[in-house]
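Please view the sequence and the structure together before reading on.

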Amino acid sequence: MTNFLIFGPPGSGKGTQSVKLASEFNLIHLSTGDMLRDEVAAQTELGKKVEGIMQRGELVPDDVVIQMIAERVDSNPGSEGFIFDGFPRTVDQARALDNTLAVKNTSISKMLMLEVEHKELVNRLVRRAEISGRADDKDVDIIENRIKVYKEKTEPVISYYKKENKYLPVNGMGDIEEIFNRLSKALADCIN
Ligand code: B4P
């Protein structure tokens, strides 16, 4: 089993690239953002609880996302591996993920960090707002808040994986295929 994290600020292309990588390498794609948006769309109890938090661009509580991920890992026995997208976003989430995978006798192989300039992040999300209807893409102030939250709460996760020698920066600037080729090469090197 080979497991990867795709990491980076909002708009860095995590979702876009994870879908393509999962298909190419036969991995299961787990996106906490997608799972939470499904809960909001279905207006479940959980969805109602997290809707406002997501609209403001804040992080939902750790216990919520940790439990969601643990359930998905449990319900996919025998998979060739996972690609985690948008999780972990705090150091506590990273520790919980390590524990969840250790129970299955596996671990994270690499953290693939998408490096993208600030101006490009905002431009991509503003463009997406025109088609996605996502509440958190509608307003530049909310986009900037998401980037601020990323810097304060999520960037420390980088040091966590650096200490484990799992950090692998990848240039996230350019067109989608070009970036996909860089990431594919990095994954192939890890798997072989
Ligand atoms: P996410 O769904 O993870 O949203 P995101 O950070 O904005 O990333 P996303 O995957 O959507 O964007 P991408 O980089 O692919 O999280 C949403 C919210 O859920 C969070 O704010 C938080 O409230 C909550 N949440 C999720 N996980 C959580 C957790 N673990 N803990 C706590 N809270 C959590 O790129 C976006 C756009 O760029 C796309 O439109 C794409 O088309 C475009 N794009 C990509 N690559 C491009 C390229 N090379 N060129 C041009 N455009 C490109």
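The points below take up the pockets, then the strands, then the cores.

The model is a predicted one. The largest nonpolar core has 29 residues, and a second, separate core has 15 residues.

**Largest pocket**

- The lining of the largest pocket comprises 48 residues, and G11, K14, R128, R134 and R146 are the ones that lie nearest the centre.
- Elements that each supply at least two lining residues include the strands β1 (3-7) and β2 (28-31) and the helices α1 (14-25), α2 (32-41), α6 (118-132), α7 (140-154) and α9 (176-191).
- With six residues, α6 gives the most to this lining.
- By class, the lining of the largest pocket holds 18 nonpolar, 17 polar and 13 charged residues.

**Second largest pocket**

- The residues that line the second largest pocket are R37, V40, E51, M54, Q55, G133, R134, A135 and D136.
- Both α2 and α3 (45-56) supply at least two residues of this lining, and the largest share, three residues, comes from α3.
- Four charged, three nonpolar and two polar residues make up the lining of the second largest pocket.
- R134 belongs to this lining and is also one of the residues nearest the centre of the largest pocket.

**Strand β3 and its partners**

- Strand β3 (residues 82-85) is covered on both faces, with F82 and F84 buried on one side and I83 and D85 buried on the other.
- β3 pairs with β1 in the parallel sense over three bridges, and F4 stands opposite I83 of β3.
- β2 and β3 also run parallel, joined by four bridges; here H29 has I83 as its bridge partner.

**Nonpolar cores**

- In soluble globular proteins, nonpolar side chains tend to be buried together.
- Within the largest core of 29 residues, L36, V60, I69, F84, L97 and Y161 have the most contacts.
- At least two residues of this core come from each of β1, α2, α3, α4 (62-74), β3, α5 (91-103), β4 (108-115) and α8 (156-163), and α4 gives the most, with five residues.
- Leaving aside residues up to four places away in sequence, Y161 touches L5, P88, A94, L97, D98, I108, M111, K166 and Y167.
- The second, separate core of 15 residues includes F4, I6, L27 and L112.

Methods: Residues numbered from 1 in each chain as written. Predicted model: local features only at pLDDT ≥ 70, side-chain atom pairs only at ≥ 80, totals over all residues. Heavy atoms only, no water. 1 Å grid on protein atoms, 1.4 Å probe; cavity = no way out; pocket = protein on both sides within 12 Å on 5 of 7 lines; lining within 4 Å. Nonpolar A, V, L, I, M, F, W, Y, C, P; charged D, E, K, R; others polar. Buried < 20%, exposed > 50% of the residue type's maximum accessible area, 1.4 Å probe, protein only. Pairing = 2+ DSSP bridges. Core = buried A, V, L, I, M, F, W, Y, C linked by side-chain atoms within 4.5 Å. Contact = heavy atoms within 4.5 Å.
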